[in-house]
Protein chains: 2
Amino acid sequence: MTEKTNTQDNSVLNGTKISRRDILKTAGVGGVGVILGASGLGGLLSLKEGNAATPDTKEIVPFYGKHQGGITTKTQNHVYFVSLDVTTAKKEDLVKLFKEWTKAAALMTAGEAVGELSGNEFMPPKDTGEAAGLSASNLTITFGVGPSLFIKDNQDRFGLKQKQPKELADLPKFPLDALEERWTGGELCIQACADDLQVAFHAVRNLIRIARGKAALRWAQTGFQRTKQSDTKNETPRNLFGFKDGTANPDVNSEKQMNQTVWVQPGDGPNWLVNGSYLVVRRIQMYIEVWDRTNLREQENTFGRYRDSGAPLGQKDEFETLDLQKKNEQGEYSIPVDSHTRLSHGNGSEKILRRAYSYSDGMDMKMGSFDAGLLFLCFQRTPSKQFIPIQNRLAKMDKLNEYTSHRGSAIFACLPGAKQGGFIGETLFN
Amino acid sequence: MTEKTNTQDNSVLNGTKISRRDILKTAGVGGVGVILGASGLGGLLSLKEGNAATPDTKEIVPFYGKHQGGITTKTQNHVYFVSLDVTTAKKEDLVKLFKEWTKAAALMTAGEAVGELSGNEFMPPKDTGEAAGLSASNLTITFGVGPSLFIKDNQDRFGLKQKQPKELADLPKFPLDALEERWTGGELCIQACADDLQVAFHAVRNLIRIARGKAALRWAQTGFQRTKQSDTKNETPRNLFGFKDGTANPDVNSEKQMNQTVWVQPGDGPNWLVNGSYLVVRRIQMYIEVWDRTNLREQENTFGRYRDSGAPLGQKDEFETLDLQKKNEQGEYSIPVDSHTRLSHGNGSEKILRRAYSYSDGMDMKMGSFDAGLLFLCFQRTPSKQFIPIQNRLAKMDKLNEYTSHRGSAIFACLPGAKQGGFIGETLFN
């Protein structure tokens, strides 16, 4: 999938099949070290002919392309999501930042360091080093911009006011929202996903380091999802309530569905976002101790699905079309009117691409319970016609609300992909 | 390694090669479900003859044995560590808890559910379900008891006073300690390690659920370490400062070294802890932004090792014996007197088995920086002769202290392993 939809210009990878592991080996031991900037890779290749690091290249998701990675890419095992605020007042700094980010992200997603690992001992190393020796681990890095990048305190900070899409607006306050400042908003975002959390952490940390003086961390959240799927089939992951999560997702392998649901199309709004997508993030705490005292029937009625199979209540197979008219022996709807599945589905016209992760942040000291739940991430073409009406229905009467609390929220426009030689953000800033 | 040192009585596994994945398949769809308690597994096997789930059994670390798993076991990719306080006043509740924990831990480490996944719809399911379909993922579960289980507020709470080992005492306050209540102490601990964080989370959550009314969560911390090692060789993982961490570890494959360093021996103290080990946990915040502004020479002088190779300064290979007398051209010690490596090593007589993980807990709101660092976990036979003198040296003058802060601390006696039919804690409570 990824290779079909993301690859547009992959020549840099074809030319340089070399991983961080190889760089480290070639760099020698004992701190002698060879300066290994991005530009130094070509020279090294001649030393390595016939010794291509084929195993690692399998775990590379191409960076350059029509779309950014990390949206329709097969969901990796870990996410490290960060929201940032811009600290510079100059547009040229912002442009420089996105150029540097693009270069660094292209290197890291290819399993390479962002610069020399041990060059000049009188300087801090360009790359922070903790991913040295690790594979690219299917790392994707997805950049987005928030509403307040365009207008903040009525100021047109970077001359971008005219470019703000109508759809890129703060989400409405939904009933029951219990948002905390420390998990909410942001002017820029980076979503780093990888099968190795250390690789995702390394990516974000180096990007934030590059941003020093231009943008600063606002909030950060790691997440995980089930791993070790069967090789032949992707099972739907389970959330921390033990239920399958994401069954109703559109098919990321269908370009048609993705164009209908996920990718901003010409005419939708400003042209700079065409082939990009809107990301809605919600940090949803799940009261798992309360859930764990709830009987199975109540749990299943809450979701509107069977726990084991994921099938809609009254039906057999996880992927069956919902039969919302079906009634049980008592004459009640099999899928209750306040169930999560029925309310999410609505009349079936609003679809989003969910790409959620579970989180576990130790203990909630106020409640004496786990601080665990869902880092809900979803992508869509038009939030006002997709996430917002769905969430309006859910916030009003979803039975699941008894067991959850929305603690954080943000919206970002994820930029279109870049061509080799270009940069992420080019369409917005130029 | 694990199989050599941990296996003593593995008959339960040999008899029942069935994973959570199989259980789910057999349980059918549509919520019909079959009651699948632990005792039901034997009956199911006849349905599955000639269809053993061989791939998954490779990812099982035997639970029963002379020692608990998770100590000399090859370090898995993730840890979920929790500290608990006992809430019952009755010793028999405590015994019952450890019996139930043992049974549940044996099931989960074998990749099985702790009870039926969907049995009686009028009851909460016995197993919380989020690991359904996942492999055992090399899950280990290690139980420990803290000093305050024996004496708290001068009370001999459970008649265990006479059994408290001298070595199981609160750690001294070290210079520069900045401990916070929310990461410190505890009467019981569970260390769950697995190659899948969802599997580790599931284990801890179900054990805490079983403890309801007897013990409650005090603090919790997840951790990760680098994954995707070469198949033929275990490289030393890197910490978030980009340096290799754990080079000087004793050899977990050497029974002799483990008996000298890790396992409590007859005569060391009370007999109930023989074949157990003392665990010291420290939650060490690392100021990575400060580190990242430090030049490479300073970084290497701080550790006393080269960043790339991990070799001691002035030497060539990561695993070379430290040459503490070696001087550089300026006549100074190559490995500086205040370097982490020299101070950790001391005169070489104190060794500990490090089993550390990195952590990333979003943002430190007070500092506006990452809240990231090291969940330092180490095992030893005699803390007063191992961790404590090492940490005394480090706390006084380790150059690394400029970049780190110890926020949490605890000590636990990790119980010896149990035989099939017995339970963890048997030697202490009987």
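Modeller: Let us begin with burial: a residue is called buried when its relative accessible area is under 20%, and exposed when that value is over 50%. Please also keep in mind that this is a predicted model.

Colleague: Okay, so in strand β5 of chain B, which residues point one way and which the other?

Modeller: From β5(B), one way point B:S277, B:L279, B:V281, B:R283 and B:Q285, while B:Y278, B:V280, B:R282, B:I284 and B:M286 point the other way, and all of them are buried. Strand β5 of chain B covers residues 277-286, and because ten of its ten residues are buried, the strand is largely enclosed by the rest of the structure.

Colleague: Which strands does β5(B) pair with, and in what sense?

Modeller: One partner is strand β9 of chain B, residues 404-414, which pairs with β5(B) in the antiparallel sense over ten bridges, and there B:R282 stands opposite B:S409. Another is strand β8 of chain B, residues 369-380, which also runs antiparallel to β5(B) and is joined to it by eight bridges; in that pairing B:I284 has B:L374 as its bridge partner.

Colleague: Changing topic, what does chain A look like as a whole?

Modeller: Chain A contains 13 helices and nine strands, and of its 430 residues 62% are buried. If you take the contacts in chain A with a separation of 6 or more, 78% of them are between residues 24 or more positions apart. The chain exposes about 16700 Å², of which carbon and sulfur atoms supply 49%.

Colleague: And which residues touch the most other members of the largest nonpolar core?

Modeller: Those are A:V145 and B:V145, in a core of 166 residues.

Colleague: What about A:L176, is it buried or exposed?

Modeller: A:L176 counts as exposed because its relative accessibility is 59%, which is over the 50% cut-off. The residue is found in the loop between β2 and β3 of chain A, and beyond the residues up to four places away in sequence it touches A:A395 and A:N401.

Colleague: Then how does A:N239 compare, buried or exposed?

Modeller: A:N239 is buried, with a relative accessible area of 4%, although A:N239 also has its place in a loop, the one between β4 and α8 of chain A. Apart from neighbours within four places in sequence, A:N239 is in contact with A:D245, A:M286, A:F303, A:S358 and A:L374, and also with B:E130 from chain B.

Colleague: What does UniProt place on chain A?

Modeller: Its unreviewed entry places the feature "domain: Dyp-type peroxidase N-terminal" at residues 68-225, and the annotation "domain: Dyp-type peroxidase C-terminal" covers residues 236-418. In the model, residues 68-225 are 21% helix and 20% strand, with end C-alpha atoms 21 Å apart, whereas residues 236-418 are 20% helix and 23% strand, with end C-alpha atoms 31 Å apart.

Colleague: Last one, how far does helix α6 of chain B reach?

Modeller: Helix α6 of chain B, residues 91-109, has 19 residues and reaches 27 Å from its first C-alpha to its last, close to the 27 Å expected at 1.5 Å a residue. Just after α6(B), B:G111 takes a positive phi of about 80°.

Conventions
Residues are numbered from 1 along each chain as its sequence is written. Chains are lettered from A and ligands numbered from 1 in the order in which they are written. This is a predicted model: local features need pLDDT of at least 70, side-chain atom pairs count only at pLDDT 80 or more; totals for chains, interfaces and linings use all residues. Side-chain values use heavy atoms; hydrogens and water are left out. Helices (H or I, at least four residues) and strands (E, at least two) are DSSP runs, numbered from the N terminus. The expected span of a helix is 1.5 Å times one less than its number of residues. Buried means under 20% relative accessible area, exposed over 50%, partly exposed in between (1.4 Å probe, protein chains only). Contact means heavy atoms within 4.5 Å. Accessible areas come from the Shrake-Rupley method with a 1.4 Å probe; for residues, only the protein chains shown count as cover. A nonpolar core is a set of buried Ala, Val, Leu, Ile, Met, Phe, Trp, Tyr and Cys residues joined through side-chain atoms within 4.5 Å. Two strands pair if DSSP finds at least two bridges between them. UniProt positions are given in the numbering used here, feature names are shortened, and annotations may be inferred rather than shown by experiment.
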